Amino acid sequence: MLLHFSVSNYRAFRGLQSLNLTASNADKSLPQNLIEPNLLGLKGKRWVKAAGVYGANASGKSTLLQALGALAGLVRTSAKTTDPHSPIQQIEPFALDPKAANEPTALAIVFVNQGVRYEYRVAATRQRIVHESLRSFPKGPERLWFVRDWSESEQKHVYSPDSPAGLPRNRDIETRTLDNMLYLSKGIAEARKELEPVFRWFVEHLRFLDLSSDGGVGYNTTMSLLEEGSAEERQAILQILKHADLGISEAGITDVNVRDEVKGFDQMPDEIQQQIVKHFSKNPELLHKGSQGAAHPLPWETESAGTQRFYSLIGPWLDVLKKGYTVCIDELETSMHPIMVRELLKLFFNQATNPNNAQIIFTTHNPLLLDTTLLR
């Protein structure tokens, strides 16, 4: 669960910008939209399951999610760095102030994994990590795991404290952590098991769905659930399709003869043929209500872009809800009518469909989603 994120000197942001998911106790509306995890030291605090970020073009909506993705990407890949002079690719300082290029990008996040609250901070230039620190709050009070600061006078990183409460120091690993590498990631690569809950949250629990045309969200996940999922999963997909007011009465799968559809299929190598058959031998089939109550199947390629996008998103969406992920989506309404978007968001606010308190952070231009009967 994400509680708070802040960033400065990154892309569109020069100064500090923060996303705080703490719910106001003064607002009593929509209690189903809230998570109350009873964290030690934060009794009575609640957090929202959904946050919509609104604004004009070039106002920084996408930058907020990109910054969160940059931190996650840095955590995932930093330990693979082998060249001490390689630039840190995820660091992109504010471009409209020449001074910003020589100042660090700062990223800080507070999240919960396995019932424990963590706070992780990173400040970095393109050349090196300037600051890195990790804290946990397992019983309320802070436990400082490590602090790592770049010393300009000594031209090296200085670690503290000498006897941390959460992560015993390993000076050998500290020495072998490159200046342009995260100590968190290096520790994972060196089998520091204590760091697993922190690293795994970034790798497994924080998700990004790209709804652009080349974003990779295809219909296969939804189709696989219809074909191989449980009866409850199949029923959930059908109910979502029906509630979206698309006139759909049933959903199925139709076979595709790839030999006839793919030009030159027989001349392709066996491995390529197998991949084509695996991914393109079946298509979704949606049955629409017709005259006198009859149901009529339509070819997948004739469905609207919005219907295709909505169908393709249902499978990944149900996976997020089932596993309690925090998911980030830029321009959620892409190719979809607000009614479709509302139906998807409602799933987050229903304990039956969101039993593990999944969260969504999305950007949008659509003022129709500024609805206080839907979002707090």
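Let me start with L374, which counts as buried at 4% relative accessibility, where buried means under 20% relative accessible area, exposed means over 50% and partly exposed lies in between, with a 1.4 Å probe and protein chains only. This is a predicted model, in which local features need pLDDT of at least 70 and side-chain atom pairs count only at pLDDT 80 or more, while totals for chains, interfaces and linings use all residues. Residues are numbered from 1 along each chain as its sequence is written, and side-chain values use heavy atoms, with hydrogens and water left out.

L374 is found in the segment after β16 (359-364); helices (H or I, at least four residues) and strands (E, at least two) are DSSP runs, numbered from the N terminus. Which residues touch L374, once neighbours within four places in sequence are set aside? They are L30, N33, R342, L345, K346, F349 and L369, contact meaning heavy atoms within 4.5 Å.

The axes of helix α9 (residues 305-323) and helix α10 (residues 338-348) come within 11 Å and cross at roughly 5°, the axes being lines fitted to C-alpha atoms, for helices over the stretch in contact, with angles from 0 to 180 degrees between N-to-C directions. The two helices α9 and α10 are therefore roughly parallel to each other (under 35 degrees; over 145 is roughly antiparallel, 65 to 115 roughly perpendicular, and the rest oblique).

Finally, the aromatic rings: a search of the whole structure finds 11 aromatic pairs. Rings of Phe, Tyr and Trp (its six-membered ring) pair if their centres lie within 6.5 Å, and planes under 30 degrees apart count as stacked, over 60 as edge-to-face and the rest as tilted. F111 and F202 form an edge-to-face pair, with 5.5 Å centre to centre and 70° between the planes. Because F111 lies in strand β6 (residues 105-113) and F202 in helix α4 (residues 196-205), the pair ties together parts that are 91 residues apart in sequence.
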